[in-house]
Amino acid sequence: MSDAQSSTNLWFYEEKGERKGGASEQEMVELIRSGRLGYGSSVWMQGSREWAKLEDTPLRHHLLKTPPPLVGSQVNNTLVWVLAFAPIIGYLMEWFVAGAVNGSEAAAARAMENASYWYITLALNLLLSLFDEKRLQKAGHNTSRFRGWVWLVPVYLYQRAKNLQQNLAYFVVWLACFALVLLA
């Protein structure tokens with residue numbers, strides 16, 4: 001195959017916010033089989049006007065060998081709703097630990113005023129975000145687009161809602177709970 005022919009058959013793809021490629025069609029098939037590319041992945045081939053979703057290209061027949069991700073209404077949202085209330089749950093856990101460690105109510109109150117146990121709420125939020133992301137992966141969603149944002153919970157919740165085409169209710173609830181904790 002000549003250089004001109006091979007360059008027109010190269011595919012480019014987006015991965016973690018970076019443009020990757022040019023890959024041959026066979027290399028793209030391998031990326032699909034390995035799970036690095038799937039439904040919702042952005043791809044481009046020379047001659048295309050703009051980036052397209054993988055399922056809207058000639059490569060879609062390779063996707064048909066794997067089931068599509070569950071739609072937003074089919075994904076179990078129990079964990080994300082616990083995450084939405086995590087600022088309040090974490091704050092209550094902080095009070096419990098402060099009471100158990102400090103013995104007296106006055107010492108526990110001082111510990112809470114000094115934010116001695118702030119890391120409990122942080123750990124709870126991060127763990128719930130990570131568990132929820134794993135759950136989305138098991139439902140067939142490509143979470144690589146917002147994987148780095150798991151550490152910043154409100155951004156993760158916003159991106160999750162957009163990715164699953166759900167309303168922003170759990171995002172708004174998290175913000176409201178966080179604001180209540182700040183006021184407490």
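Which element gives the largest share of the lining of the largest pocket? The points below take up this question and then turn to two further regions of the predicted model.

1. The largest share comes from H7, with five residues. Helix H7 spans 118-138, and the other elements that give two or more residues to this lining are helix H5 (86-102), helix H6 (105-113), helix H8 (153-163) and helix H9 (169-183).

2. The space in the largest pocket amounts to about 440 Å³. Its lining consists of 20 residues, and those nearest the pocket centre are Glu-94, Trp-118, Thr-121, Phe-178 and Val-181. By residue class, the lining holds 16 nonpolar, two polar and two charged residues.

3. Strand S1 (residues 11-15) and strand S2 (residues 18-23) run antiparallel and are joined by five bridges. Within this pairing, Lys-20 in S2 is the residue opposite Tyr-13.

4. The hairpin of S1 and S2 has two residues between the strands, and Lys-16 in this hairpin adopts a positive phi, near 55 degrees.

5. A further point concerns Ser-41. This residue belongs to the loop between helix H2 (25-34) and strand S3 (42-45). Ser-41 has a relative accessible area of 1% and is therefore buried, the cut-off being under 20%. A polar atom of the Ser-41 side chain lies 2.9 Å from the backbone nitrogen of Gly-38.

Terms used. Residues numbered from 1 in each chain as written. Predicted model: local features only at pLDDT ≥ 70, side-chain atom pairs only at ≥ 80, totals over all residues. Heavy atoms only, no water. 1 Å grid on protein atoms, 1.4 Å probe; cavity = no way out; pocket = protein on both sides within 12 Å on 5 of 7 lines; lining within 4 Å. Points joined across faces, edges and corners; volume = space filled by probe spheres on them. Helix = DSSP H or I, 4+ residues; strand = E, 2+ residues; numbered from the N terminus. Nonpolar A, V, L, I, M, F, W, Y, C, P; charged D, E, K, R; others polar. Buried < 20%, exposed > 50% of the residue type's maximum accessible area, 1.4 Å probe, protein only. Polar contact = N/O pair within 3.5 Å; in protein donor to acceptor, adjacent residues only side chain to side chain. Pairing = 2+ DSSP bridges.
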